[in-house]
Amino acid sequence: GGRIAAGAGTDHAPADLGSLDDVTAAYCEQIEFVEASGAQVILMASRQLARLARAPEDYAKVYGRLLEQVSGPVILHWLGPMFDPALRGYWGSPEVPAATTAFLDLVGQHAGKVDGVKVSLLDAGHERVLRAALPGGVRLYTGDDFNYPELIRGDGTHHSDALLGVFAAIAPAASAALQALDADDLPGYDEAFAPTVPLARHIFTAPTWYYKTGIAFLAWLCGHQPGFTMVGGLQSARSVLHLAELARLADQARLLPDPELAAA
């Protein structure tokens, strides 16, 4: 009875795609596969589109065509350059206010096909302004791995839903926090999330795009995978001191199910 959502992007296509039409076709290939599986589409950011687009109108052209043909409401993902430098200037400008205007224009024009927007800019202030400006019925799915407790908790008028990479590292605490929130137990919510924030900020410290090294390391310490080896040798992207501090913070957050295994 669960709900599955899956990313659809252009990462299977050659890096040197020659036109916006090529980008659109690449998106369509993955969208078709995701929809055929019964999953909801998350439209991922495209490096090829970022390379080819020259103005907000180019993004509007590609995303407009995609949103016109998807079978159901999708989630749009705005991934900031701290996660992928190749995406700098996405939505047509390196200036966040200008990019936000273009993004809101796109969402407003296709609100019936947009379930929500996932924003990964690590800027809580910007996220609050953006979510308040979204059309009615369009959700803000936070991708802010630094400020998630306050953003999910909300301000009494708006709140952010969660679609977070850090939940892979703090799943037991996140489960406890969200169950407390469902029960209107705000002290319990705060208590569950508070010790996870130093860990999250350490995992996602700059260069942020190496956060997956910390996620995989913690999965190994918790016994969820048999070794600490990653594609492309990415297990070496963080220093031994960084990983040692990660282990200490995970222990303080009570996220190691078998401390003796982790120590070994």
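Modeller: Axes here are lines fitted to C-alpha atoms, for helices over the stretch in contact, and the angles between N-to-C directions run from 0 to 180 degrees. The model is a predicted one. With that convention, the axes of helices H1 and H3 come within 10 Å and cross at roughly 30°. Angles under 35 degrees count as roughly parallel, and H1 is therefore roughly parallel to H3. The crossing in which H1 passes H3 is right-handed.

On the H1 side, the contact is formed by Leu20, Asp21, Val23, Thr24, Tyr27, Cys28 and Ile31. H3 contributes Asp58, Lys61, Val62, Tyr63, Arg65, Leu66 and Gln69. By class, the residues of this contact between H1 and H3 comprise eight nonpolar, two polar and four charged.

Two of the residues in the contact, Asp21 and Arg65, also join through their side chains in a salt bridge, with an N to O distance of 2.7 Å. Asp21 belongs to H1 and Arg65 to H3, which spans residues 56-69, so the pair ties together parts that are 44 residues apart in sequence. The count for the model comes to eight salt bridges.

The sheet comes next. It is open, has six strands in the order S1-S2-S3-S4-S5-S6, and its pairing is parallel. Strand S1 (5-8) and strand S6 (161-162) stand at the edges; each has a single partner strand, so one side of each lacks a neighbour in the sheet. H1, residues 20-36, packs on this sheet and touches S1 and S2, and its direction makes about 165° with that of S1. Strand S2 (residues 40-43) in turn pairs with strand S3 (residues 74-79) in the parallel sense, over two bridges. Within that pairing, Ile42 has Ile75 of S3 as its bridge partner.

Helix H9 (residues 196-203) and helix H11 (residues 240-252) pack at an angle of about 160°, their axes 9 Å apart. H9 and H11 are therefore roughly antiparallel, and their crossing is left-handed. In H9, Pro198, Leu199, His202 and Ile203 meet His242, Glu245, Leu246, Leu249 and Ala250 of H11. This contact of H9 with H11 has six nonpolar, two polar and one charged residues.

Key: Residues are numbered from 1 along each chain as its sequence is written. This is a predicted model: local features need pLDDT of at least 70, side-chain atom pairs count only at pLDDT 80 or more; totals for chains, interfaces and linings use all residues. Side-chain values use heavy atoms; hydrogens and water are left out. Helices (H or I, at least four residues) and strands (E, at least two) are DSSP runs, numbered from the N terminus. Angles under 35 degrees count as roughly parallel, over 145 as roughly antiparallel, 65 to 115 as roughly perpendicular and the rest as oblique. A crossing is left-handed if the near helix is turned anticlockwise from the far one by less than a right angle, and right-handed if clockwise. Contact means heavy atoms within 4.5 Å. Ala, Val, Leu, Ile, Met, Phe, Trp, Tyr, Cys and Pro count as nonpolar, Asp, Glu, Lys and Arg as charged, and the others, Gly among them, as polar. Two strands pair if DSSP finds at least two bridges between them. A salt bridge is a side-chain nitrogen of Lys or Arg within 4 Å of a carboxyl oxygen of Asp or Glu.
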